[in-house]
Amino acid sequence: FSLGFFVLSTDSAIRDFRDVLTVFTTMVRAGLTGDFDYSQFELMGSTFGPVTFFIFIIITQIIMTNLLIAIVSSEYDKAAASGQRKWKIDVDEVMAKDLVNSLPRDSSGDIDMYSTTMLVGHVIEGS
């Protein structure tokens with residue numbers, strides 16, 4: 001688009017389109033920040049300059065919107081994966097605590113390793 005605006009403005013003395021670098025900076029300012037002088041585009045031609053500029057602005061906004069969507073989507077995927085990992089760790093901790101809390105205890109509050117619940121299927125030597 002910058003080269004097109006440069007070619008369109010070669011026969012006029014438009015300050016924002018005097019060389020390729022100035023045209024490029026003008027287009028970046030117009031497309032990204034909205035900082036432009038519309039009368040400069042009208043000097044290129046009553047119809048073609050403004051129509052080309054309008055198409056440029058539409059395409060620029062579509063590209064910037066797609067870029068924003070891609071960034072938000074990427075960050076959402078990262079956050080979802082992190083949340084899934086944290087959820088699994090929390091569930092594992094809850095299950096481990098539940099298992100330990102369900103083990104039989106002796107009178108001192110320690111786990112009773114010799115209770116019948118713990119010994120099912122095991123043979124204790126010496127008893």
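From the N terminus, the elements of the chain follow the order α-α-α-α-α. The chain holds 5 helices and 0 strands. Both are DSSP runs numbered from the N terminus (helices: H or I, at least four residues; strands: E, at least two). The model is predicted: local features need pLDDT of at least 70, side-chain atom pairs count only at pLDDT 80 or more, and totals for chains, interfaces and linings use all residues. Residues are numbered from 1 along each chain as its sequence is written, and side-chain values use heavy atoms, with hydrogens and water left out.

The mean pLDDT of the chain (the predictor's confidence in each residue, from 0 to 100) is 76. A value of 70 or more is reached by 67% of the residues. Where pLDDT is low, predicted coordinates should not be read in detail.

Of the 127 residues in the chain, 20% are buried. Buried means under 20% relative accessible area, exposed over 50%, and partly exposed in between (1.4 Å probe, protein chains only). The largest nonpolar core has 6 residues: Val23, Met27, Ala30, Phe53, Phe56 and Ile57. Helices α2 (20-33) and α4 are the elements that give two or more residues to this core. Such a core is a set of buried Ala, Val, Leu, Ile, Met, Phe, Trp, Tyr and Cys residues joined through side-chain atoms within 4.5 Å.

A search of the whole structure gives 1 salt bridge (a side-chain nitrogen of Lys or Arg within 4 Å of a carboxyl oxygen of Asp or Glu). Glu75 pairs with Lys78, and their closest N and O atoms are 3.4 Å apart. Both residues belong to helix α4 (residues 48-102), where they stand 3 residues apart, about one turn of the helix. Glu75 is partly exposed, at 44% relative accessible area. Lys78 is exposed, at 52%.
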